Amino acid sequence: MNPIDTFNLDIRALGTFVAVLDEGSVSRAAVKLGVSQSAVSHTLDRLRQALGDPLFVKSGRGITPTRYALQAGPHIRQILDDLHSLASGPPFTPETAEFTFTIAANDYQRDLLLPPLATILRREAPGIRLQVIPSGIPSAGMLRKDVCDLIISPHAPEATDIMQRGLMADRMVVFYDPNQRDAPRDLPDYLKADHIALLFATGEKPGLETSLTARGLTRRTVVTVSNFSGLPEFLRGTDMLATAPELMSKHLLREFAWTPLPFDFKPFTLLMLWHRRNQNDPAHRWLRNHVNGVAATLNGLNP
């Protein structure tokens, strides 16, 4: 028997072999594969040359597999199964998975969505470690360079290789200490008050500041913090105002009263962002589904 000519083997040729073996007929295999009988016959000739065996011989009006073909059949099926598994990505079992998943999220998104996600991971996938880093105003490079696996932010980079999914809607409102003052009556009352403002550690300003500047409006900022978690201690016991997402009334700012902004400022959507290369990765998809499930639960609690 000649050495196997691996250069004459490919997945289509092996698939043709299995089809002929299953159907016991070149013509029926051709119908099953959607090709001509001559194409099947030509592929079988290549396989005979590569494997050094007739594979199928005439028997009456039909054909019958050789002993070699019968013995090779299970091995070739396994090869095809392995190749199909390779195409669909590595297997993923949450219970036994061991890796670190990095999510970029500022403190508002972090405190709202990620503690429930951590609870799910500890219960269903204890080997998956969750790492959270700040996102600031996120860039596409964070995902392209594997700085993180996922971003949760209302700001989506303009890039065709970045995928996104909306998680939940929110809006900016005005928080204040009801023991120290009343809600601002109108826009002039809002603008003349002392404010606690936000300036991300990366230097970017929130969209609210840009909107006010575009309107030619100026508010009096007396304290600036780098994240939302700095608001409560500065706000408590003072007559200052803090403009922040309404959903923060559910956790970080729950002890304070709030009122709508005294000017139009469009609501925003928290987005889940990831790179296209991870679109079909089973582990990544599993984690995205759980993030979306956490958001859906919170949406149900906040109709």
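Tutor: An axis here is a line fitted to C-alpha atoms, for helices over the stretch in contact, and angles run from 0 to 180 degrees between N-to-C directions. The model is predicted, so to speak of local features requires pLDDT of at least 70 and side-chain atom pairs count only at pLDDT 80 or more, while totals for chains, interfaces and linings use all residues. Residues are numbered from 1 along each chain as its sequence is written, and side-chain values use heavy atoms, with hydrogens and water left out.

On the α2 side, Val26, Ser27, Ala30 and Leu33 are in contact (heavy atoms within 4.5 Å) with Gln37, Val40, Ser41 and Leu44 of α3. Five of the residues in this contact are nonpolar, three are polar and none is charged.

Helix α1 (residues 11-23) also packs against α2, with 8 Å between the axes and an angle of about 125 degrees. The two are therefore oblique to each other, and their crossing is right-handed. From α1 come Thr16, Ala19, Val20, Asp22 and Glu23, which meet Arg28, Ala29, Lys32 and Leu33 of α2. This contact of α1 with α2 has four nonpolar, one polar and four charged residues.

Ala13, Leu14, Thr16, Phe17 and Val20 of α1 make the contact with Val40, Thr43, Leu44, Arg46 and Leu47 of α3. By class, seven of its residues are nonpolar, two polar and one charged.

Finally, consider the nonpolar cores, sets of buried Ala, Val, Leu, Ile, Met, Phe, Trp, Tyr and Cys residues joined through side-chain atoms within 4.5 Å; buried means under 20% relative accessible area, with a 1.4 Å probe and protein chains only. The largest has 55 residues, and Leu113 and Leu167 have the most contacts inside it. Helix α5 (residues 107-124) supplies the largest share of that core, seven residues. Apart from it lies another core, of 20 residues, including Ala13, Leu47, Leu55 and Ala72. Two of these, Ala13 of α1 and Leu47 of α3, also take part in the contact of α1 with α3.

Note on methods. Buried < 20%, exposed > 50% of the residue type's maximum accessible area, 1.4 Å probe, protein only. Helix = DSSP H or I, 4+ residues; strand = E, 2+ residues; numbered from the N terminus. Nonpolar A, V, L, I, M, F, W, Y, C, P; charged D, E, K, R; others polar. Parallel < 35°, antiparallel > 145°, perpendicular 65-115°, else oblique. Left-handed = near helix turned anticlockwise from the far one by under 90°.
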